[in-house]
2 protein chains.
Amino acid sequence: MDERARHLLKSLIEQHIAKGVPVGSRQLARDAGLNISPATVRNVMADLEDEGYLISPHASAGRIPTHVGYRFFVDALLRVVPLSAESNRLLIHRIGFRAPDAEQVLHAATGILSELTHMAGFVRVPRRATRILRHVDFIALREHEVLAIFVTDKGDVENRLIRTEHSFGAADLAQAANFFNATYGGRPLQDVIHNLQRDLQQSRHEMDRILRSAMELGEEMLEEDQQRMLIEGEFHWLDLPELAGSERLRELLAAVRQKRDLVHLLDESMRGSEVRLFIGEESGYAPLSDCSVVSAPYSVDGEVVGVLGVIGPMRMPYQQIIPLVDGTAQLLGRALSQSG
Amino acid sequence: MDERARHLLKSLIEQHIAKGVPVGSRQLARDAGLNISPATVRNVMADLEDEGYLISPHASAGRIPTHVGYRFFVDALLRVVPLSAESNRLLIHRIGFRAPDAEQVLHAATGILSELTHMAGFVRVPRRATRILRHVDFIALREHEVLAIFVTDKGDVENRLIRTEHSFGAADLAQAANFFNATYGGRPLQDVIHNLQRDLQQSRHEMDRILRSAMELGEEMLEEDQQRMLIEGEFHWLDLPELAGSERLRELLAAVRQKRDLVHLLDESMRGSEVRLFIGEESGYAPLSDCSVVSAPYSVDGEVVGVLGVIGPMRMPYQQIIPLVDGTAQLLGRALSQSG
DNA sequence: ACTAGCACTCATGATGGTTGAGTGCCAAGG
DNA sequence: CCTTGGCACTCAACCATCATGAGTGCTAGT
């Protein structure tokens, strides 16, 4: 592909992103800035279509980019601009100055992504499998009911109500908690569960019921991690003519609620450390075949723990979206690192 | 209004609920079962329109009920059928046999309401202001960071990260927690905050920073209650021709996200102990003016603590919806009473 | 290699006629 | 006085037709 073709492709995609309608040869010839007749442009466009970068919705419309076209655009043609000072300030204000509560910061990040991009924003929350178990507490709520509380070193708190055969007094429970903390505390959560599983097979003890339930709580925490993802702003999709008013939208909403496959896709994209794009079919996930996902992993204390980004139509202003997602990921990582 | 008019109105509304289109005189004359000509029906319909029960979308369409019509229908014409055995079994299965975790049960109830009605289901979660503070814990996460945990007698757990000037050891914190539990434990949350506020004004202590933060956590718990509401299944609205494809839907979604006014409306409806309906404009809340809300309060241990229901179009099958909402409220109340 | 011209395609929007469902009103009949 | 049949009228929905205009591919000329 020669320089002129690249320039025209870039110009066409930019115009299509801006306007949302197919771009024709005349308009493109005018706006591309080259001194070229529409007929010449048509020849170039025909070539680009043959090579799979463009497609005509129908015979006498202009052309729109395919997902291949968008891919080439973002990889080779797009120059990402740094985040505007204003956006940056807004991000810092909304994420940086939050109450030091992890859950709240994650919510804030999801919200701001959705607001600033006018698409659906998501945050895949940190995995807890490698977290260190810091503290366990057993609290008697009433007869036959014990509340178990797990705390990890990052301040995750999870709790569960356990129904017991016996009624335990506060002293019993304190003792059990002490035992638990002494034996399993300070180790990664997954190790704790593993050891607990082994230990429980050997002993038979009155407290077993509680310990077993505690183990189940731990397992649930890890299990839950598989699914935990915040997403917000799906309703922005209603504004998009290319998505709204078709069955696609329903499918998409259902798929996003389901989360399963989506989470899998995102976990894949956690491997790198850079912003990553899934354009159209690239995700290999049918409901997303009309959409693009822009994602960036975020790190806490130097370790990648999650990924965030936006989901929108293929036709999105990547130039602004990419730095925004990137910046949000970095700020979120920093905010979480500070606050544990 | 004479008997025949009532019968026709009932028949018209039932048909409109079933089909969703305006009902004309001929069809109504046929289906109402009275031996009456369309012309006669027209006369009656004209009267009903004058009295505000019906309205014509345009000159040569049939008629549809107004919110006044629906109101008369549910108050005077509708005979609510008891919940079908099948639905009841499903409800019990989904709500009754849940893990004994309040949060999960609430989510389950929201989900099942949405699924069975094909509308948006909501659950206004229990208020915690009158809960008894059962247990407080302070845990050192790392230097200058303390995690405060509150537990109420119903098993609500709330936590908060506190950044401190000094670094406290485990012993210090245990002592503080003991003091806290001894002094404030066993009292309603709102009292705790009140007393704490008073006590803090008098003393000056190294621990004050932690106590003050703990108080803020308690305040946040109460504050948060103002907003806490689960809602699910808004996407069902996309299927409704009367809602979809207009600006109304956007407004509605935005309003539901906002929650503020909605929660206020629901808290009003907690006063009674019966199923309550807000039909169209009756809610006095503009974004809901095309919708109906069916709500029922639910009680834990004999005290009304929350309200649940569905939000859908005015044209909804009240006959099935009302017992379903009612049944869900009762089952949820029972499930929560069992599990604390 | 570029461009102008030309024939062709096709979505869009306006026009107009038809159909069918439904209404209001009136006059006749029980 | 209530009911009914009849009739004129209205209006959305549907369909066909037509003109328009944006856009294309192709070809021949520069």
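1. A crossing of two helices is called left-handed if the near helix is turned anticlockwise from the far one by less than a right angle, and right-handed if clockwise. In this predicted model, H1(A) passes H4(A) in a left-handed crossing. The axes of these two helices, H1 (residues 3-19) and H4 (residues 67-77) of chain A, come within 10 Å and cross at roughly 110°, which makes H1(A) roughly perpendicular to H4(A).

2. The residues that build this packing can be named individually: on the side of H1(A) they are A:Arg6, A:Leu9, A:Lys10 and A:Ile13, and they meet A:Gly69, A:Tyr70, A:Phe73 and A:Leu77 of H4(A). Sorted by class, the contact of H1(A) with H4(A) holds five nonpolar residues, one polar residue and two charged residues.

3. In chain B, a packing of H1 (residues 3-19) against H3(B) deserves a look, with an angle of about 85° and axes 10 Å apart; H1(B) is therefore roughly perpendicular to H3(B). From H1(B) the contact takes B:Arg4, B:Ala5, B:Leu8 and B:Leu9, while H3(B) brings B:Val41, B:Val44, B:Asp47 and B:Leu48. Six of the residues in this contact of H1(B) with H3(B) are nonpolar and two are charged, with no polar residue among them.

4. Further along chain A, the axes of helix H8 (residues 189-202) and helix H9 (residues 208-225) come within 10 Å and cross at roughly 150°, and the crossing of H8(A) and H9(A) is again described as left-handed. H8(A) takes part through A:Leu189, A:Gln190, A:Val192, A:Ile193, A:Leu196, A:Gln197 and A:Leu200, and H9(A) through A:Asp208, A:Leu211, A:Arg212, A:Met215, A:Gly218, A:Glu219, A:Met221 and A:Leu222. The contact of H8(A) with H9(A) divides into nine nonpolar, three polar and three charged residues.

5. Turning to the pairing of the protein chains, 27 residues of chain B are in contact with 27 residues of chain A. On the side of chain B that touches chain A, the elements giving two or more residues are strand S4 (133-142), strand S5 (145-152), strand S6 (157-163) and helix H10 (247-258) of chain B, and S4(B) gives the most, with six residues. This side of chain B has 12 nonpolar, six polar and nine charged residues.

6. On the symmetry of the pair, chain B is superposed on chain A by a rotation of 179° with 0.0 Å of shift along its axis, at an RMSD of 0.2 Å, and that is the relation of a two-fold axis. The same surface serves both copies, as 100% of the contact residues of chain B recur in chain A.

7. By class, the surface near DNA strand D has seven nonpolar, 11 polar and four charged residues.

8. DNA strand C is surrounded by 21 residues, of which A:Thr40, A:Ala59, A:Ser60, B:Gly24 and B:Ser25 are the closest. At least two residues of the surface near DNA strand C come from each of H3 of chain A, helix H2 (25-31) of chain B and H3 of chain B, with H3(B) giving the most, four residues. The surface near DNA strand C has seven nonpolar, 11 polar and three charged residues.

How values were computed. Residues are numbered from 1 along each chain as its sequence is written. Chains are lettered from A and ligands numbered from 1 in the order in which they are written. This is a predicted model: local features need pLDDT of at least 70, side-chain atom pairs count only at pLDDT 80 or more; totals for chains, interfaces and linings use all residues. Ala, Val, Leu, Ile, Met, Phe, Trp, Tyr, Cys and Pro count as nonpolar, Asp, Glu, Lys and Arg as charged, and the others, Gly among them, as polar. Two residues are in contact if their C-beta atoms, placed from the backbone, lie within 7 Å. Copies are superposed by least squares on the C-alpha atoms of residues with pLDDT of at least 70 in both. A residue is near a molecule or strand if its C-beta atom, placed from the backbone, lies within 6 Å of it. Axes are lines fitted to C-alpha atoms, for helices over the stretch in contact, and angles run from 0 to 180 degrees between N-to-C directions. Angles under 35 degrees count as roughly parallel, over 145 as roughly antiparallel, 65 to 115 as roughly perpendicular and the rest as oblique.
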